[in-house]
Amino acid sequence: RNKRFEYDMVARERFELSSAGPEPATFKDIESVVSRFWEYCRVDERLEPRVAKDYKNIARRFLRLSNGVVSHESVRAYLKTYLDKAPKTYNNQLCGLRAFISRFLSRPELMEGLKKAHEPKEYDHEIPTKDQLRRAFNALTDVREKAIFLFYATTGLRCSEVLRLNRYEDIDFKLRAVKSKHDTRTKKAGITFYNEECEEYLLKYLNSREDQKERLFSIGWRPFLRIWDKASEAAGMRITPQVLRIWFSTEMGELGVPDRYVDIFQGRAPKTVLAKHYTGKGLERLKRIYDKAGLRVLN
């Protein structure tokens, strides 16, 4: 009878432990943990500085909300606050938490069962019309804003790629070519061009600058965001660099440019293909293909 009682007690303890889930982790010095996590992202995972900073901020927000308690329930409670956000925003939070909890803290069991939100593909996005693009462009108030808008629309580059461009090294003003050095584990830089519409405003903007800074576009984050707020309000739909990237891809396809060349322009082609077109006749061929398409934004 005593053995039976002892067996029942052990079984009950095991059931209670399994029902309670994995033991949580608790941190009192949040800033110290966040600082060490940021270093881990930069050194161990070799993440881009921007990504490492984003992950650091995610970890800090999570720990502050959970009062330093890391558990399956605290993770779910944190992600619940992002349910009404865009799927991409939710997934960014989840990726940051996976890096922090599963890899840095070595507690993958605390992230079990948490799935990414479905992100609509490009064909699910609303594409702006030419009229909407013109209204968005006309709502911009200075030559810098107009140059940035047209540069995104006519190159098809990613948001971060454009902001990192070196005006002395990455731009061939004679060919209107853009050869970005952006290269991460998941994304490659394309070899692309901008059209005459963009050239007009880009040269006006650069000639108006009195500094010698290397960045092609010298602009702070808040003024940069205001560009898209003004453009979106005038267009009657959300206009962002990503929307213009999708518009570029769609428009070039409708103008008859084969997908393999659109992939080169937007950095989706293999590195061997990009290297083949980086200089000489390969670059000149890409230039002819781009110009032949006759891409226009304003008319």
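Predicted model: local features only at pLDDT ≥ 70, side-chain atom pairs only at ≥ 80, totals over all residues.
Let me open with a question: is S106 buried or exposed? S106 is exposed, with a relative accessible area of 51%, which is over the 50% cut-off for that class.

As background, most residues other than glycine have a negative phi. R176 also has a positive phi, near 55 degrees, and R176 too is a residue other than glycine. R176 is located in the loop between β3 and β4. R176, however, has a relative accessible area of 9% and is therefore buried.

I turn now to the chain as a whole. The protein chain contains 14 helices and five strands. Of its 299 residues, 44% count as buried. If we take contacts between residues at least 6 apart in sequence, 65% of them join residues at least 24 apart.

The largest nonpolar core has 54 residues, and the members that touch the most others are F149, F151, F217, W228, I239, M252 and F265. Helix α7, residues 143-155, supplies the largest share of this core, with seven residues. Apart from this core lies another, of 30 residues, with C41, A52, V70 and L79 among them.

Three strands form an open sheet in the order β3-β4-β5, with antiparallel pairing. β3 (171-172) and β5 (191-193) each have a single partner strand and stand at the edges, so one side of each is left without a neighbour in the sheet. Between β3 and β4, the latter covering residues 177-179, there are two bridges in the antiparallel sense. I171 has V178 in β4 as its bridge partner.

Two helices deserve mention here. α7 packs on the sheet, where it touches β3, β4 and β5, and its direction makes about 125 degrees with that of β5. Helix α14, residues 280-293, lies across β4 and β5 and runs at about 45 degrees to β5.

How do α7 and α10 pack, and at what angle? Helix α10 comprises residues 221-235; the two helices pack at about 75 degrees, and their axes are 11 Å apart. α7 is therefore roughly perpendicular to α10. On the α7 side, the contact involves R144, E145, I148, F149 and Y152. On the α10 side, these residues meet P223, F224, I227, W228, K230 and A231. By class, the contact has eight nonpolar residues, no polar ones and three charged ones.

Finally, I would draw attention to Y82, in the loop between α4 (72-80) and α5 (87-104). Is Y82 buried or exposed? Its relative accessibility is 13%, so Y82 counts as buried. Not counting residues up to four places away in sequence, Y82 touches R61, T89, Y90 and Q93. Y82 and L94 are 12 residues apart along the chain, and their C-alpha atoms are separated by 9.9 Å.

Definitions and conventions
Residues numbered from 1 in each chain as written. Heavy atoms only, no water. Core = buried A, V, L, I, M, F, W, Y, C linked by side-chain atoms within 4.5 Å. Buried < 20%, exposed > 50% of the residue type's maximum accessible area, 1.4 Å probe, protein only. Helix = DSSP H or I, 4+ residues; strand = E, 2+ residues; numbered from the N terminus. Pairing = 2+ DSSP bridges. Contact = heavy atoms within 4.5 Å. Axes fitted to C-alpha atoms, helices over the stretch in contact; angles between N-to-C directions. Parallel < 35°, antiparallel > 145°, perpendicular 65-115°, else oblique. Nonpolar A, V, L, I, M, F, W, Y, C, P; charged D, E, K, R; others polar.
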